[in-house]
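Good morning, everyone. Please look at the sequence and the structure on the screen, and I will walk you through them.

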Amino acid sequence: SNFGIGIDKHSDGFGLKLEGDFDATSAYELIYAIKKLPEETAKISICTQGLKNIHPFGLDVFHRFMRSLNGQFTKIMFTGRNASRLPPGNS
């Protein structure tokens, strides 16, 4: 797949940089990356600038995961050109 996630540690959390096409497989990769971060992480910043094609099914998979977090996703912030497309309720 032509999708990648770069992860940087910051003083207040982590930055995830998404590159390539976002489909269902990419969504599962992103979910796994988020789940692997330490539970006490204060902030997760997800940069969407490098995304090329965003597939509806990939968004659906990711939105289901975000809704399952029961409000814990407030610490996740989206940035970049496609930032408005990834949070649930914005597609």
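Let me start inside helix 1. Its buried residues are Ala24, Ser26, Ala27, Leu30, Ile31, Ala33 and Ile34. Buried means under 20% relative accessible area, exposed means over 50%, and partly exposed lies in between, with a 1.4 Å probe and protein chains only. Helices here are DSSP runs of H or I with at least four residues, strands are runs of E with at least two, and both are numbered from the N terminus.

Before going on, a word on the source. This is a predicted model, where local features need pLDDT of at least 70, side-chain atom pairs count only at pLDDT 80 or more, and totals for chains, interfaces and linings use all residues. Residues are numbered from 1 along each chain as its sequence is written, and side-chain values use heavy atoms, with hydrogens and water left out.

Back to the helix. What covers the buried residues of helix 1? The cover includes strand 1, strand 2, strand 3, strand 4 and helix 2. Helix 1 has 13 residues. From first C-alpha to last it reaches 18 Å, close to the 18 Å expected at 1.5 Å a residue. That expected span is 1.5 Å times one less than the number of residues.

Ala33 counts as buried because its relative accessibility is 7%. Which residues does Ala33 contact, leaving aside its neighbours within four places in sequence? They are Ile5, Ile7 and Leu16. Contact means heavy atoms within 4.5 Å. Ala33 and Gly6 are 27 residues apart along the chain, and their C-alpha atoms are separated by 9.8 Å.

Four of them form an open sheet in the order 1-2-3-4, with mixed pairing. The edges are strand 1 (3–10) and strand 4 (76–79), each pairing on one side only. From one strand to the next, the twist averages 20 degrees. Helix 1 (residues 24–36) packs on this sheet and touches strand 1, strand 2, strand 3 and strand 4. The direction of helix 1 makes about 170 degrees with that of strand 2. For such angles, axes are lines fitted to C-alpha atoms, for helices over the stretch in contact, and the angles run from 0 to 180 degrees between N-to-C directions.

How do strand 1 and strand 2 pair? They are antiparallel, over eight bridges. Two strands count as paired if DSSP finds at least two bridges between them. Strand 1 and strand 2 form a hairpin, with two residues between them. Follow the partners across: Gly6 has Lys17 as its bridge partner in strand 2, and Lys9 stands opposite Phe14 in strand 2.

Strand 2 (residues 13–22) and strand 3 (residues 43–54) run parallel, joined by eight bridges. Here Gly13 stands opposite Lys43, and Gly15 stands opposite Ser45. Strand 2 is mostly covered, with eight of its 10 residues buried.

Stay with Ser45, in strand 3. Is Ser45 buried or exposed? Its relative accessibility is 17%, so Ser45 counts as buried. Beyond its neighbours within four places in sequence, Ser45 is in contact with Phe14, Gly15, Leu16, Met77 and Thr79.

**Helix 2**

On to helix 2 (residues 56–68), which has 13 residues. Helix 2 reaches 18 Å from its first C-alpha to its last, close to the 18 Å expected. Its buried residues are Gly58, Leu59, Val61, Phe62, His63, Phe65 and Met66. The cover over them includes strand 2, strand 3, strand 4 and helix 1. Just after helix 2, Asn70 takes a positive phi of about 50 degrees.

**The whole chain**

Finally, step back. The protein chain has two helices and four strands. From the N terminus on, they run β-β-α-β-α-β. Of the 91 residues, 45% count as buried. Among contacts between residues at least 6 apart in sequence, 67% join residues at least 24 apart. The C-alpha atoms fill a box of roughly 30 × 25 × 20 Å along the principal axes.
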